[in-house]
Amino acid sequence: MTRAYNFCAGPAALPEIVLKQAQNELLDWQGHGTSVMEISHRGAAFEALAAEAENDLRLLLKVPEHYHILFLPAGATVQFSMIPLNLLGTKKKADYVHTGHWSQKAIKEAGRYCDVNVVASSAPDFLTIPNSAEWRLDPSAAYLHYTSNETIAGVEFDQIPPVESVPLVVDMSSNILAEPLDVSRFGLIYASAQKNIGAAGLSIVIVRDDLLHYASPLTPTVFHYKTQAAQHSMANTPPTYNWYLAGLVFKWLLAQGGLSAIAKINQQKAAVLYEAIDKSQLYVNHVDKRYRSKMNVPFYLKRPELLSEFLNQANEARLLYLKGHALVGGVRASIYNAVPLEAVQALIAFMKAFEQRHF
Ligand SMILES: *Cc1c(COP(=O)(O)O)cnc(C)c1O
């Protein structure tokens with residue numbers, strides 16, 4: 001049995017070497033005679049693992065001392081609520097940039113807690129990022145939220161928005177750890193684990209210490225950032241196995257040479273794939289070139305009647321989960337950190353051969 005090339009948007013591919021290590025250690029983790037998921041999160045062994053994973057993430061992203069890193073249960077969708085609950089304080093408004101499906105969901109959820117001011121929108125097509133010079137910021141907003149990579153339409157910010165009047169909050173679920181990041185520009189960074197960090201069921205929140213003091217009394221304890229910061233994310237039983245897997249992925253990234261090394265590979269993967277699309281007669285990507293995502297590459301067939309044949313044959317060639325999101329159709333190749341250049345090259349070879357067969 002061989003592993004297929006997996007282009008799933010999430011839960012997504014994990015590095016093979018990480019899976020092998022997890023497999024090797026499954027029955028007997030570090031000589032403890034049990035797996036890592038069968039031991040107390042309050043014991044010294046797991047506490048050491050947890051601290052090491054946090055330190056490795058701090059190292060990778062160069063997270064400054066005055067930020068806490070939280071390992072929280074559940075996905076980013078829960079954070080759509082927890083961000084207003086933890087950050088509004090006495091303020092009643094928050095700014096949101098509307099750039100696609102995920103920011104839309106964040107906006108809808110925040111609307112249950114505050115007045116959402118949409119500073120700009122690229123609706124209905126979501127093929128670009130609205131010019132930040134024209135955003136209608138509200139000076140009384142508690143924070144400004146944006147989605148750095150829209151996973152469905154394949155649109156990615158090419159820089160951190162130059163906003164300094166309010167804390168910047170970013171959903172980085174689908175592009176965290178893909179390249180170096182200046183964490184000091186943010187009030188809060190959050191991400192689900194299942195795209196670039198590990199397995200579904202865990203989220204990472206990186207929050208500046210001064211923002212820990214605005215939580216609503218109604219905030220659930222497990223998602224109360226200040227409580228979780230004080231208790232090292234162990235206010236209750238954390239998703240220990242996911243934490244372990246995330247730690248292995250951080251070690252793998254460090255062994256690759258860190259984020260500038262992985263960024264070069266990501267750059268190359270995206271460049272060759274977009275070039276193959278742009279040079280073809282059959283495939284087309286509609287996203288504003290400046291904002292094309294390096295993680296999620298959606299494209300269409302100019303002969304849409306060939307789509308199901310394309311997807312079936314890709315599947316037979318062991319190129320998996322290329323079907324575009326139901327909202328937009330077409331094809332989407334998600335090429336996160338753990339998807340190797342060989343996978344992208346195999347996809348390009350398949351695309352070229354498929355095109356030749358039909359022209
Ligand atoms: C996947 C994703 C989410 C949602 O994550 P869940 O774990 O399903 O809650 C949120 N934002 C972005 C940008 C995503 O890609």
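Visitor: Which helix does H358 lie in?
Guide: We're looking at a predicted model here. The helix to pick out is the one that spans 341–358. H358 lies in that helix, α9.

Visitor: Is H358 buried or exposed?
Guide: The cut-off for buried is under 20% relative accessible area. H358 comes in at 18%, so it counts as buried.

Visitor: Which side chain joins that of H358 in a polar contact of 3.0 Å?
Guide: Skip the neighbours within four places in sequence, and H358 is in contact with R303, L306 and E309. One of these makes a polar contact of 3.0 Å, side chain to side chain, with H358. That partner is E309.

Visitor: Why do the buried residues of α8 line one face of the helix?
Guide: Helix α8 runs over residues 307–316, and its buried residues are F310, L311 and A314. Look down the axis of α8: they line one face because they fall within an arc of 95°.

Visitor: What covers those buried residues of α8?
Guide: Strands are part of the answer, with β11, β12, β13 and β14 among the cover.

Visitor: Which helix gives the largest share of the shell around the ligand?
Guide: By class, the shell has 3 nonpolar, 9 polar and 2 charged residues. The largest share, 3 residues, comes from the helix at 76–87, α3.

Technical notes. Residues are numbered from 1 along each chain as its sequence is written. This is a predicted model: local features need pLDDT of at least 70, side-chain atom pairs count only at pLDDT 80 or more; totals for chains, interfaces and linings use all residues. Side-chain values use heavy atoms; hydrogens and water are left out. Buried means under 20% relative accessible area, exposed over 50%, partly exposed in between (1.4 Å probe, protein chains only). Helices (H or I, at least four residues) and strands (E, at least two) are DSSP runs, numbered from the N terminus. The arc is that of the directions from the helix axis to the C-beta atoms. Contact means heavy atoms within 4.5 Å. A polar contact is a pair of N or O atoms within 3.5 Å; within protein, one must be able to donate a hydrogen and the other to accept it, and residues adjacent in sequence count only if both atoms are side-chain atoms. Ala, Val, Leu, Ile, Met, Phe, Trp, Tyr, Cys and Pro count as nonpolar, Asp, Glu, Lys and Arg as charged, and the others, Gly among them, as polar.
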